[in-house]
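Please look through the model below before reading my points. They are written for someone new to reading structures.

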Amino acid sequence: MQSANSTYRRIGLLGVLALVCLRLTVGWHFYMEGVTKVREGSFSSVGFLGAAKGPLAPEFQKMVPDYDGRIRLDRNAMVTAYSSYVDRVRNTYSFNPNQTKDAEQIKADTIARWDAIDAEWSPQINEYFKGFERIAELAVDPKRSDVASLRAQRDEIESKWRGLVKPTLSAIDKNNANLESRLIAIATPNQRSTVGAVSFEIGGGLLSVRLIDKIIPIFDMSVGILLILGLLTPVAGVAAGLFLGSVVLSQFPGSPGALPTYFQAVEMVACFVLAFSDSGRYAGLDFFPWAFWKNRAAK
């Protein structure tokens, strides 16, 4: 006679089939998300992190290098950043005197281009910096958050304010990218093969956007493959659930202006179900270590 506990834990054939189908479906979704990101080659988490809403929004936005543009719009800060980057590239690749001379010329060209961009957009930049105080006041005004019409007005004001320097920051980003590509091009193939590319980055937190953008496609594909194979399912399920949970938290439920994340929340719960239901041992590779330990325990 079976104990009440063992009877309670039996899910039946249809339950097993449902778990296998759920595991394969979620796994395929994660795998294709990763493949699509790699295939397109243009995946960026900047938009996702920058659009965060709710009490955790500042933490997500901190992961975007120079989110508000203060560093890129500051000449002294940029000259220091350019000089530091040129020195790092020179030391990393062990440039010879001719290469060092070329690198210094590229730095001078980059600074001159920054000055030209600053001069072209100077009125908009000045207006942008004057708006920081107003935007801060709107952010802490409870009426602007609680009343839908006022909240929409606040979001529109902030959008127009950020739009003042959007072309400027775009031009500076292109200038920065040009600096990086020109400096890397100075290095010989042998120098580049030894240490690889040296990236130019400004600001950012513990995890840079570049690193995140490299990790996420690999993470998606890895989780997808593990779930499809039913291998290390608890680990893959928990990792996927936590990742989707971070997406939900980035648009904190109930926060003013937050986008709906119902689909992500449902799939998050599904991932935790897969992780804690031994789903990997049903038509999956997790069956073999499970059977091994079960037989060993029986002996």
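This is a predicted model: local features need pLDDT of at least 70, side-chain atom pairs count only at pLDDT 80 or more; totals for chains, interfaces and linings use all residues.

The points below go from the whole chain to single residues.

1. The protein chain has 16 helices and 0 strands.

2. Overall shape. The C-alpha trace of the protein chain spans about 85 × 60 × 30 Å along its principal axes. The radius of gyration is 26 Å, whereas a compact globule of 299 residues would have a value near 19 Å.

3. Of the 299 residues, 34% count as buried. The accessible surface of the protein chain is about 17,700 Å², and carbon and sulfur atoms make up 62% of that surface. Among contacts with a separation of 6 or more, 76% are between residues 24 or more positions apart.

4. The largest nonpolar core. In soluble globular proteins, nonpolar side chains tend to be buried together. Here the largest nonpolar core has 33 residues, and Tyr-82, Tyr-85 and Leu-183 have the most contacts inside it. The elements giving two or more residues to this core are α5 (75-93), α6 (97-120), α7 (122-130), α8 (132-140) and α11 (166-186). Apart from this core lies another, of 15 residues, including Val-16, Val-223, Leu-244 and Tyr-282.

5. Tyr-85. Which residues does Tyr-85 contact, leaving aside its neighbours within four places in sequence? They are Leu-179, Glu-180, Leu-183, Ile-184, Val-198, Ser-199 and Phe-200.

6. Helix α14. This helix covers residues 233-250, which is 18 residues. At 1.5 Å a residue it should span 26 Å, and its end C-alpha atoms are 26 Å apart, so the two values agree. Its buried residues are Thr-233, Ala-236, Gly-237, Ala-240, Gly-241, Leu-244, Gly-245, Val-247, Val-248 and Ser-250. An α-helix has 3.6 residues a turn, so residues three or four places apart point the same way. The cover over the buried residues of α14 includes α2 (12-40), α3 (46-50), α4 (57-61), α13 (209-229) and α15 (262-276).

7. Two residues with positive phi. Most residues other than glycine have a negative phi. Asp-66, which is not a glycine, has a positive phi near 50°. Asp-66 sits in the loop between α4 and α5. Is Asp-66 buried or exposed? Asp-66 counts as buried because its relative accessibility is 7%, and the cut-off for buried is under 20%. Leu-232 is not a glycine either, and its phi is positive at about 50°. The place of Leu-232 is the loop between α13 and α14. With a relative accessible area of 46%, Leu-232 is partly exposed.

How values were computed
Residues are numbered from 1 along each chain as its sequence is written. Side-chain values use heavy atoms; hydrogens and water are left out. Helices (H or I, at least four residues) and strands (E, at least two) are DSSP runs, numbered from the N terminus. The expected span of a helix is 1.5 Å times one less than its number of residues. Buried means under 20% relative accessible area, exposed over 50%, partly exposed in between (1.4 Å probe, protein chains only). Contact means heavy atoms within 4.5 Å. A nonpolar core is a set of buried Ala, Val, Leu, Ile, Met, Phe, Trp, Tyr and Cys residues joined through side-chain atoms within 4.5 Å. The radius of gyration is taken over C-alpha atoms; the globule rule is 2.2 Å times the number of residues to the power 0.38. Accessible areas come from the Shrake-Rupley method with a 1.4 Å probe; for residues, only the protein chains shown count as cover.
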